[in-house]
Amino acid sequence: MRMLYDMDFIFCRNVLIYFEKDNARHVINLLYDSLRKGGYIFLGLAETMHLYSGAFKLVKFRELYGYLKE
């Protein structure tokens, strides 16, 4: 599989809810590696990063939450 790196934003909304927890963690690790430092990942409202990884910082924007790779 070819991965893209140094992404500023990744939108993965309402995807992880369809994976088993271990598989979702694997996906999050791949997405983490694809983000540049200072990049954001956005999940769906039914998803929360703390179930999968502690590597991101929760950031609140006006009406949505994102997860920052510090």
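**Entry 1: ground rules**

I count two strands as paired if DSSP finds at least two bridges between them. Strands (E, at least two residues) and helices (H or I, at least four residues) are DSSP runs, and I number them from the N terminus. I am reading a predicted model, in which local features need pLDDT of at least 70, side-chain atom pairs count only at pLDDT 80 or more, and totals for chains, interfaces and linings use all residues. Residues are numbered from 1 along each chain as its sequence is written, and side-chain values use heavy atoms, with hydrogens and water left out.

**Entry 2: the sheet**

I looked up the strand order. I found 4 strands in an open sheet, ordered β1-β2-β4-β3, with mixed pairing. β1 and β3 are the edge strands, each pairing on one side only. From one strand to the next, the twist averages 25 degrees. A reminder to myself: strands of a sheet pair through backbone hydrogen bonds, either parallel or antiparallel.

I then followed β1 and β2, which pair in the parallel sense over 5 bridges. Which residue of β2 is the bridge partner of Phe9? I noted Tyr40.

I stayed with Lys69 and looked at its side chain. The charged end of Lys69 sits over the ring of Tyr32, 4.2 Å from the ring centre. For this label, NZ of Lys or CZ of Arg must be within 6 Å of the ring centre and within 35 degrees of the ring normal.

The C-alpha atoms of Tyr32 and Ser53 are separated by 9.6 Å, with the two residues 21 apart along the chain. Ser53 is in the loop between β2 and β3. I logged Ser53 as buried at 16% relative accessibility. My scale calls a residue buried under 20% relative accessible area, exposed over 50% and partly exposed in between (1.4 Å probe, protein chains only).

**Entry 3: helix and core**

I traced α1 next. α1 lies across β1, β2, β3 and β4, running at about 140 degrees to β2. Such angles run from 0 to 180 degrees between N-to-C directions, with axes fitted as lines to C-alpha atoms, for helices over the stretch in contact.

What is the size of the largest nonpolar core? I read 14 residues, and those with the most contacts inside the core are Leu16, Ile28 and Ile41. β1 (7-12), α1 (21-34) and β2 (35-43) each supply at least two of its residues. α1 gives the largest share, 4 residues. By definition, such a core is a set of buried Ala, Val, Leu, Ile, Met, Phe, Trp, Tyr and Cys residues joined through side-chain atoms within 4.5 Å.

I listed the neighbours of Ile41, leaving out residues up to four places away in sequence; among them are Ile10, Cys12, Ile28, Met49, Phe56 and Tyr67. A contact here means heavy atoms within 4.5 Å.

**Entry 4: aromatic rings**

I found 7 aromatic pairs in the structure. Rings of Phe, Tyr and Trp (its six-membered ring) pair if their centres lie within 6.5 Å; planes under 30 degrees apart are stacked, over 60 edge-to-face and the rest tilted.

Phe11 and Phe42 make a stacked pair, 5.0 Å centre to centre with 15 degrees between the planes. Phe11 lies in strand β1 and Phe42 in strand β2, so the pair ties together parts 31 residues apart in sequence.

I then took Tyr40 and Phe61. Their ring centres are 5.4 Å apart and the planes are at 70 degrees, so this pair is edge-to-face. Tyr40 lies in strand β2 and Phe61 in the loop between β3 (56-60) and β4 (65-69), so the pair ties together parts 21 residues apart in sequence. Tyr40 is buried at 19%, and Phe61 is partly exposed at 32%.

Phe9, Phe11, Tyr40, Phe42 and Phe61 form one aromatic cluster.

I checked phi last. Most residues other than glycine have a negative phi. Asp6, in the segment before β1, has a positive phi of about 65 degrees, and is exposed at 59%. Asn14, in the loop between β1 and α1, has a positive phi of about 60 degrees, and is partly exposed at 39%.
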